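Hi everyone, thanks for coming.

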Amino acid sequence: MGQTNEFPLLQQINSPADLRRLAVSDLPAVCEELRAFIVRELSVNPGHLASSLGAIEAIVALHYTLNTPDDRIVWDVGHQAYSHKILTGRRDRFCTNRKLGGIRPFPSPEESEYDTFACGHASNSISAALGMAVAAQLSGSKRRITAFIGDGAMSGGLAFEGLNNVSSTPNNMLIVLNDNDMSIDKAVGGMEKYLLQLSTSATYNRVRYRLSQWLTGRGMLDEQRKNRILRFNNAIKAALSSRQNIFEGMNIRYFGPVDGHDVTELVRVLNQLKDMTGPKLLHLHTIKGKGYSPAEKEATIWHAPGKFDVATGARQTAEGARCAPLYQEVFGETLLELARQNPKIVGVTPAMPTGCSMNIMMRELPERCFDVGIAEGHAVTFSGGMAKDGLLPFCNIYSTFSQRAYDNIIHDVALLNLPVVLCLDRAGLVGEDGATHHGMFDMAALRAVPNITICSPMDEHELRRMMFTAQLPGKGTFVIRYPRGKGRLPDWRCPLEEITVGTARKLREGRGTAVLTIGPIGNDVEDILNENDIDAAHYDMRFLKPLDEKALEEIGANYTRVVTIEDGVRGGGFGSAVAERLCDLGLTAKNNIEIIRLGLPDEFVEHGTIDELRTLTGLDKAAIRKAIIGK
């Protein structure tokens with residue numbers, strides 16, 4: 001925490017109850033201390049900076065006006081909630097944020113009673129908050145429920161489903177829309193454009209509220225009359241303003257836009273709204289990175305900037321020291337290379353063009369790239385529609401977020417055997433973002449789906465070859481999964497060559513034990529075998545589906561121990577597929593083969609560095625070596 005006089009007001013706040021003891025006039029100073037504290041802490045312990053800076057005043061105002069934790073605040077994507085953590089008893093532990101054994105990267109009910117719901121993936125806050133609001137009403141509780149959602153998350157389909165239900169289900173919840181015209185990259189889509197232009201009369205809302213309170217207090221406004229008047233007022237307002245407010249049109253009272261950085265005004269507005277009956281939405285305009293000039297100027301870069309110098313804004317990167325590119329950079333460069341050769345190729349990403357490096361193709365061929373916003377299901381079905389009519393989409397989705405598009409992958413792509421290339425970035429363990437972001441489940445989830453080819457490259461050359469293969473005619477639905485972070489090959493620009501689908505590579509001969517790997521974890525096996533002079537064969541299987549049956553028959557006939565290693569869940573994944581197929585071929589029992597499967601355990605893996613988590617889950621080099629030698 002540093003010296004106590006450095007943050008004199010924060011030092012007094014160990015819970016929101018302490019915050020509420022302060023005068024309203026103290027709150028701007030609290031916000032400035034929070035801003036300085038977050039900037040300082042994140043400069044040495046990296047995390048989500050720009051989004052957290054943009055939400056400070058709103059978070060302070062909410063905790064000041066609501067009786068948390070009894071009143072509920074449901075966060076939508078917790079990377080904007082650092083101030084919430086600091087104000088709710090985690091100030092002195094904030095230095096452990098995202099570290100193994102430290103506080104979690106996103107709010108979690110398992111960590112604090114102030115954290116009301118899971119919020120690692122976007123767009124779920126309105127639905128979850130509505131459920132809590134209904135529960136409060138049915139139990140007779142006066143608990144206030146607030147959903148806090150960003151404009152980027154509002155583009156997600158679940159947010160619209162929640163809004164639709166909010167408009168038709170009796171509730172008193174408040175939706176706070178934090179509109180900074182950003183998600184991670186620049187926000188896109190009709191909703192973002194609409195929110196930029198949306199305006200309403202503060203006087204109108206104030207008069208309507210006071211009239212409603214006056215009529216209700218005199219028993220002149222029952223619920224049925226109230227709904228009729230609300231619909232009539234919405235129609236009058238739309239006519240006068242020459243536009244329909246989408247929220248008012250759904251019978252959700254709309255207030256704003258309001259300056260989201262005027263904490264005193266926010267307190268006044270929230271005090272007026274918090275006990276108002278019926279659903280309402282408060283629209284805030286904020287600046288991502290507010291108060292720290294480098295983050296304000298380049299919010300995308302400063303979303304998660306890594307370590308940096310507070311005074312100069314100089315970021316400490318390893319760019320100059322890297323001898324090999326990041327996997328996503330190889331993807332981005334290779335996609336552009338392929339798109340120049342094949343005019344049918346288009347790129348699709350749900351709000352992650354910079355993160356997945358599709359921005360490389362966007363700069364050169366913008367008309368053939370589509371950022372669809374935070375809408376993974378739509379990204380897949382949109383890709384399916386383009387594929388149905390002759391295009392060849394490369395749809396890049398982080399592995400963890402592809403889970404939200406599972407139905408779309410099955411029904412809108414695989415069922416029709418459409419040529420869509422699903423590039424699952426951040427597969428396997430991702431590190432400090434923790435349980436909500438690890439790409440653990442894609443292999444187990446997708447291998448049961450017909451008409452899908454699933455592969456994973458061991459290195460950058462294999463990634464390029466798999467991308468080239470996927471865009472060739474007749475390949476159907478193709479899944480390529482690869483990890484976050486840098487590869488191994490400085491000379492990554494190999495020739496683009498086809499790989500025969502369903503073929504493995506035998507990397508070394510051996511006796512007794514055959515090690516079967518898929519993906520970059522095979523590099524660790526090569527290191528172990530080289531460093532320890534272990535006499536074991538190593539097969540880079542490359543394809544989870546279809547498996548190389550010729551290789552499996554060879555393995556079954558020549559080895560008595562088979563060790564499978566994967567960076568996905570052990571249950572139902574690559575090792576399970578190998579064991580099942582060896583059994584189906586009659587080789588397991590015939591040759592009395594012992595099968596040892598290494599993979600991620602049947603539990604949610606916490607946050608920490610990749611090396612720490614590999615040790616924690618039994619996938620570090622020591623555990624792999626022990627499994628191979630059998631000691």
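Let's start with a pair of helices. Helix 14, residues 327-341, and helix 20, residues 460-470, have axes that come within 10 Å and cross at roughly 35 degrees. Before I go on, please keep in mind that this is a predicted model. The angle and the distance go together, because two packed helices are described by the angle between their axes and the distance between the axes. As for the hand of the crossing between helix 14 and helix 20, it's right-handed.

Which residues of the two helices meet? From helix 14 we have Y327, V330, F331, T334, L335, E337 and L338, and they meet E460, L463, R464, M467 and F468 of helix 20. Sort the residues of that contact by type and you get eight nonpolar, one polar and three charged.

**The whole chain**

Okay, zooming out. The protein chain has 631 residues, and 59% of them count as buried. Its secondary structure comes to 26 helices and 17 strands. Now take the contacts in the chain with a separation of 6 or more: 76% of them are between residues 24 or more positions apart.

**Aromatic rings**

Next topic, rings. How many aromatic pairs does the structure hold? There are 12 of them. Let me pick out F37 and F94. Their ring centres are 6.0 Å apart and their planes are at 45 degrees; that angle falls between 30 and 60 degrees, so we call the pair tilted.

Where do these two rings sit in the chain? F37 is in helix 2, residues 27-44, while F94 is in the loop between helix 5 (82-90) and helix 6 (125-139), so to speak a link between distant parts of the chain, 57 residues apart. Are they buried or exposed? F37 has a relative accessible area of 1%, so it is buried. F94 is buried as well, with a relative accessible area of 1%. And the story goes on from there, with ring pairs linking F7, F37, Y82 and F94 into a cluster.

**Cysteines**

A quick word on these. A disulfide is a covalent bond between the sulfur atoms of two cysteines.

Now, helix 4, residues 56-65. It's mostly covered, with 10 of its 10 residues buried. Among them are I56, E57, H63 and Y64.

Helix 23 covers residues 574-584, and its buried residues are F574, G575, S576, A577, V578 and L582. What do they pack against? Strand 13 (512-517), strand 15 (543-545), helix 22 (549-558), strand 16 (559-569), helix 24 (587-590) and strand 17. Just after helix 23 comes G586, which takes a positive phi of about 75 degrees.

Last stop, E603. You'll find E603 in the loop between strand 17 (594-600) and helix 25 (610-616). Is E603 buried or exposed? Its relative accessibility is 51%, and the cut-off is over 50%, so E603 counts as exposed. In sequence E603 is 34 residues from V569, and in space the two are 8.8 Å apart, C-alpha to C-alpha.

Terms used: Residues are numbered from 1 along each chain as its sequence is written. This is a predicted model: local features need pLDDT of at least 70, side-chain atom pairs count only at pLDDT 80 or more; totals for chains, interfaces and linings use all residues. Side-chain values use heavy atoms; hydrogens and water are left out. Helices (H or I, at least four residues) and strands (E, at least two) are DSSP runs, numbered from the N terminus. Buried means under 20% relative accessible area, exposed over 50%, partly exposed in between (1.4 Å probe, protein chains only). Axes are lines fitted to C-alpha atoms, for helices over the stretch in contact, and angles run from 0 to 180 degrees between N-to-C directions. A crossing is left-handed if the near helix is turned anticlockwise from the far one by less than a right angle, and right-handed if clockwise. Contact means heavy atoms within 4.5 Å. Ala, Val, Leu, Ile, Met, Phe, Trp, Tyr, Cys and Pro count as nonpolar, Asp, Glu, Lys and Arg as charged, and the others, Gly among them, as polar. Rings of Phe, Tyr and Trp (its six-membered ring) pair if their centres lie within 6.5 Å; planes under 30 degrees apart count as stacked, over 60 as edge-to-face and the rest as tilted.
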